[in-house]
Amino acid sequence: MVQELTTGQAQTEIQLDGKTIIIKTGRMAKQASGSVEVYCGDTMVLVTATESSKIREGIDYFPLLVDYEEKLYSVGRIPGSFGRREGKAPDKAILTSRLIDRPIRPLFKEGYRNDVQIVATTMSADQSNPPDTLAMLGASFALELAGLPFLGPIGAVRVGRVEGRLIANPTYEEIEQSDIDLVVAGTESSIMMVEAGCNLVSEKDILAAIEYGHQAIRKQIEVQKRFVSGRGVTKREFVAPEKPEGLKELIKEVTTEHLLASMDSVTLKHVRQGHIDAAKKALTEAIAALPEESPIKGASSAVIAEAMEYYEADLMRAKVLDTGVRADGRRCDEIRPITVECGILPRTHGTGLFTRGTTQVLSVATLGIGADAQRLDSIDPQTEKRYMHHYNFPGFSVGEVKPMRGPGRREIGHGALAERAIMPALPSLDEFPYTIRVVSEVIESNGSTSMASTCGSSLALMDAGVPLKTTIGGIAMGLILEGDRFAILSDIQGLEDFLGDMDFKVTGSRDGITALQMDIKIEGISLEIMKVALDQAKRGRIHIIDKMEAVMPQPRAELSQWAPRILTVTIPQEDIGTVIGPGGKMIRRIIEETGATIDIEDDGTVLIGSVDRDGGEAARDWIIRLVKRVEVGGVYLGKVTRIIPAGAFVEVLPGKEGLVHISQLENRRVEKVEDVVKVGQTVVVKCKEIDDRNRVNLTMKGVSDDEKEACEKENSR
């Protein structure tokens, strides 16, 4: 139901599994081409879509820019940066920008070149309802209200499963309990994008969750259509410029031989590039020989290059569909040759070198203590990460010169996918109290580097001695779709990714899926095609895991000699301050003298890390002594700290003193304390009593020879 508010304002509602999504327009950002406020609970996202009226000269792609902005005022918090304002977008914001972009970009017609920007700003966050799918839905509303030539609308929904029941747009708490965290976007008839993390669930369960999400998407689209229709919006038509007459025929005539040869050499990039260059040269010479009045003469270089690219795609796609043979001669379900190596870097904690065809990734695992965990300054309830995966893609991996800069959106996205893939296989914090970082360095690239990173990460972690529950592998699937004919391609390489219709990445073990990511370049695919792709991906994944386990069948029994050993001690919470000391004086002293690293949790768990076992044990013993209570009847090796006429004060435990009265020094009358003990002397004492004022009274003469011998032996270890 569309509800008209004041002049120019309106709102509507969508009901999903007991949650109400409210969409408002006409109140904010009215100078954008289209804008909406999207609410669920107390979470609110402002989403705008703005189109530039001018087309940039010579541009040969669709310049869509998507920015998702997190404002920390949305959760009532001041940013922790030096400038106390939002700075570089956190990884979660970049990943959400990609989520918005991926289902929208394919739904703008080929040839559309106007700049379009979508900005989604989370202005209020209740830390119960995630804003990402609200931003995706809001982007579709804003584009529809802007009247752009967008082949939508689309819907977007998160699907969780708690105790066997599927839930649309679960809360953060429900996501924690769920074994599926799946975001799906699509049109009324097709799936456009899938992003999922799963706890080793079956292909059948994934398809059921996607279908459940698509039902919710249809509801969203129905409401959008009514809402936009009620606003009197007319969607602008766009007709792509026609190619000059005769261009396609000329390209076919002069480039076919070169392009087919380039596909035969697809595994050798420099050879393939030579054939492509020859095709371009032949086409340039053919165009130069045309009469001046030919319409092809007036075509821009961008138009000509695009036409040749389309023809190359036609050749590759026809070969696959007509013969079942791919550009490099493989069958559709055939995987490139795989080699696996582990432990190749001598001083790192764990390494895995995974090579598949001409794609090669070196993954390196590093173990640290709790203090090494990444602190998160975002609007999500999660405040830290103890497992991190970072993906690097240097220019040399594709034979190009490229400046080395910080990670871009693609690198962050690929790293997050590989991270999500491994997480269900990691041991619990109680079983393995380490912070873990894996860095995947792409050494060579010809498609599927994110999946090679997943395989390399699994190998590196097992090489480091991390007790993974199972081996995790990954595979990228492609699609060629022409009308009713289609082919699913296993382990796609660069050409098939570039000229195909889908990039569908699937990770998991032999028994279940841990992560999914599907992007397409067409107007959606059916669940039937997804089922075929998932079944074929499972066979490929198991083949890859077989190759991995032939080299690394299980995690190493021992950690690397260079990895820290973590010892765990639990102390009473009230003693945390004792271990830390005034201004951190005590904990700094322990670290300096033992060489260990120490991390103290709020619950009193102390994690002591040290490559040197003796140093770690010394730090542990020190902490135990610090929090140990003096007990009546206990025998202690202590140091005399000061002397008074009535006796000597002895430090029996760190920071804990007791008095040995002059009458308790020896089994005889002592005239002067200094006749028996001196300051700094080590003595064995027994606790006689602790009085009602918590004063510790000690004795030396009450210690038997056996007790003295046992105490000295214990402290000599």
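How many positive and negative side chains does the protein chain have, and how far apart do the centres of the two sets lie? There are 88 positive and 106 negative side chains, and the two centres lie 3 Å apart. Lys and Arg count as positive, Asp and Glu as negative, while His and the chain ends are not counted. Each charge is placed at NZ of Lys, CZ of Arg, CG of Asp or CD of Glu.

## The model

This is a predicted model, where local features need pLDDT of at least 70, side-chain atom pairs count only at pLDDT 80 or more, and totals for chains, interfaces and linings use all residues. Residues are numbered from 1 along each chain as its sequence is written, and side-chain values use heavy atoms, leaving out hydrogens and water.

## Overall form

The protein chain has 15 helices and 30 strands. Both are DSSP runs numbered from the N terminus: helices are H or I with at least four residues, strands are E with at least two. The radius of gyration is 33 Å, well over the 27 Å that the globule rule gives for 717 residues, so the chain is more spread out than a compact globule. This radius is taken over C-alpha atoms, and the rule is 2.2 Å times the number of residues to the power 0.38. Along the principal axes, the C-alpha atoms fill a box of roughly 125 × 65 × 45 Å.

Of the 717 residues, 53% count as buried. Buried means under 20% relative accessible area, exposed over 50%, and partly exposed in between (1.4 Å probe, protein chains only).

## Helix H7

H7 covers residues 301-323. Its 23 residues reach 33 Å from first C-alpha to last, close to the 33 Å expected at 1.5 Å a residue. The expected span is 1.5 Å times one less than the number of residues.

Buried residues of H7 include Ile304, Met308, Tyr311 and Leu315. An α-helix has 3.6 residues a turn, so residues three or four places apart point the same way. The buried residues of H7 pack against several elements, among them helix H5 (247-264) and helix H6 (269-288). Contact means heavy atoms within 4.5 Å. Just after H7, glycine 324 takes a positive phi of about 75°.

H8 (residues 409-422) has 14 residues and reaches 20 Å. Of these residues, 10 are buried, so H8 is largely enclosed by the rest of the structure. Among the buried ones are His414, Leu417 and Ile422. Their packing partners include helix H1 (91-104) and helix H9 (449-463).

H11 (residues 527-551) has 25 residues, which should span 36 Å; its end C-alpha atoms are 36 Å apart, which agrees. Its buried residues include Ile529, Ala533 and Met548.
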